[in-house]
Amino acid sequence: MNTHVTIIGAGLGGLTLARVLHVHGIPATVYEAEASTTARAQGGMLDIHEDNGQPALQAAGLTDAFRGLVLEGREATRVLDTDGTLLFDDDSERGRPEVLRGELRRILLDSLPPGTVRWGHKVSGVRALGDARHEVTFADGTTTVTDLLVGADGAWSRVRPLLSDATPSYIGRSFVETYLYDADSRHPAAAKAVGGGSLFALSPGKGIQAHRESGGTLHTYVVLTEPQAWFDGIDFADPAAAAARIAQEFQGWAPELTALITDGETAPVLRTLNALPADHRWERVPGVTLLGDAAHLAAPNGEGANLAMYDGAELGKAIAARPDDIEAALTAYEQAMFPRSAAAATDGDQLLELLYGDEAPHGLLRMFAQGA
């Protein structure tokens, strides 16, 4: 294959694509806006699914390395009532082993030839040159021209406008993240509430969710269904005041639950949740495609990273199978990806209704009772 693949974004999807291409002897370059691998924290735990994330890692030849990252026991799930009453407790394994996102990204990065990822390359513009060629301009004024451009650059993709006018919109709900460290010794009540894996404490429109990461680290996601203007009224530059204001929404809840907010050892971080239309798709445009959140951003539902890696693996395999007909490869990839991502977004919306809808937490409990 004579085409050199240009990938924008060094997230899990873009790196999986680069790795699968490398396995098949196809060169690729990944351009990433961040300055280095350590430029920012990479998020929390990921459960890697049997039907998408795990096959993607197998295609990348990284199954053994992935297995070495698995944190045992993190599939455990607990549901607590707002007063701390235990409603559900299950420590069984369900074929979705948990790993830290940053560690998964590290094994992907380590599997690529040196120089594959070009750090500090923030895209400022992309334009079509004709004949399936595109020019990418970076913030430092440099450019690159490519015959095959893949946008793996997330929610606010700079590549997406080449294919679609769609932009993400606010879903009416946001997360606020906090952390507790050495929780077993320093915050024992909160650590006991979370248990060994995931905690859900829910009521209609809001919730406190947490996950035990490595050791005694507890990563909390406070969920609130409020307009963006409501969050704009909170001064997140004042961490103590912001935490106190968020905690007000959970007055009367058990102290071991609210401690996950009020005792947070990091400044609360607002994560505004946006999504593309569930049925987002585009007409084939020669020489360019998208994967992951750039293609099908959805509300958090446990599928985002898995789908991004699966997209990357499937695109890499499609290109390797048709090296002399890239347009046929891109067509095959997109026609399989569109219904797959639409179904996942629809399923995710249904899950969010179980988590935060009018019947919360009972809808979630029914789902667990049915063995889902």
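## Aromatic pairs, strands and backbone in a predicted model

The structure holds seven aromatic pairs. Such a pair is counted when rings of Phe, Tyr or Trp (its six-membered ring) have centres within 6.5 Å; planes under 30 degrees apart count as stacked, over 60 as edge-to-face and the rest as tilted. The pair of F250 and W253 is edge-to-face because the ring centres are 4.8 Å apart and the planes stand at 85°. W282 and F338 also form an edge-to-face pair. The table gives the values for these two pairs.

| Pair | Centre to centre | Angle between planes |
|---|---|---|
| F250 and W253 | 4.8 Å | 85° |
| W282 and F338 | 4.8 Å | 90° |

The pair of W282 and F338 links distant parts of the chain, 56 residues apart. W282 is in the loop between β16 (269-275) and β17 (288-290), while F338 is in helix α12 (residues 326-356). Helices (H or I, at least four residues) and strands (E, at least two) are DSSP runs, numbered from the N terminus.

This is a predicted model, in which local features need pLDDT of at least 70 and side-chain atom pairs count only at pLDDT 80 or more, while totals for chains, interfaces and linings use all residues. Residues are numbered from 1 along each chain as its sequence is written, and side-chain values use heavy atoms, with hydrogens and water left out.

Are F250 and W253 buried or exposed? Both F250 and W253 are buried. Buried means under 20% relative accessible area, exposed over 50%, and partly exposed in between (1.4 Å probe, protein chains only). W282 and F338 are buried too.

Strand β1 (residues 5-8) is covered on both faces. V5 and I7 are buried on one side, and T6 and I8 are buried on the other. In a regular strand the side chains alternate between the two faces of the sheet.

Two strands pair if DSSP finds at least two bridges between them. Four bridges join β1 to strand β11 (residues 148-151), and the two run parallel. T6 has L149 as its bridge partner in β11. Four bridges also join β1 to strand β2 (residues 28-31), again in parallel. Here V5 stands opposite A28. Together with helix α1 (residues 12-23), β1 and β2 make a right-handed β-α-β unit. Right-handed means that, with the strands pointing away from the viewer, the path from the first strand over the helix to the second runs clockwise.

### An open sheet and its loop

Three strands form an open sheet in the order β8-β9-β10, with antiparallel pairing. Its edge strands are β8 (123-130) and β10 (143-146), each of which pairs on one side only. Strand β9 (residues 133-138) is joined to β10 by four bridges. Across this pairing, V136 stands opposite T144 in β10.

The loop between β8 and β9 holds D131 and A132. Phi of D131 is positive, near 55°, and phi of A132 is positive, near 65°. Most residues other than glycine have a negative phi, and most peptide bonds are trans. D131 is exposed because its relative accessible area is 76%. A132 has a relative accessible area of 25%, so A132 is partly exposed.

The peptide bond from A360 to P361 is cis, with omega near 5°. P361 lies in the loop between α12 and α13 (362-369). Which residues of α13 are buried? G363, L364, L365 and F368 are buried in this helix. The cover over the buried residues of α13 includes β4 (77-80), β5 (86-90), β13 (198-203) and α12. After α13 comes G371, with a positive phi near 80°.

### A buried threonine

T220 is placed in strand β15 (residues 218-224). T220 counts as buried because its relative accessibility is 0%. Leaving aside neighbours within four places in sequence, T220 is in contact (heavy atoms within 4.5 Å) with V176, E177, T178, I208, Q209, A210 and L260.
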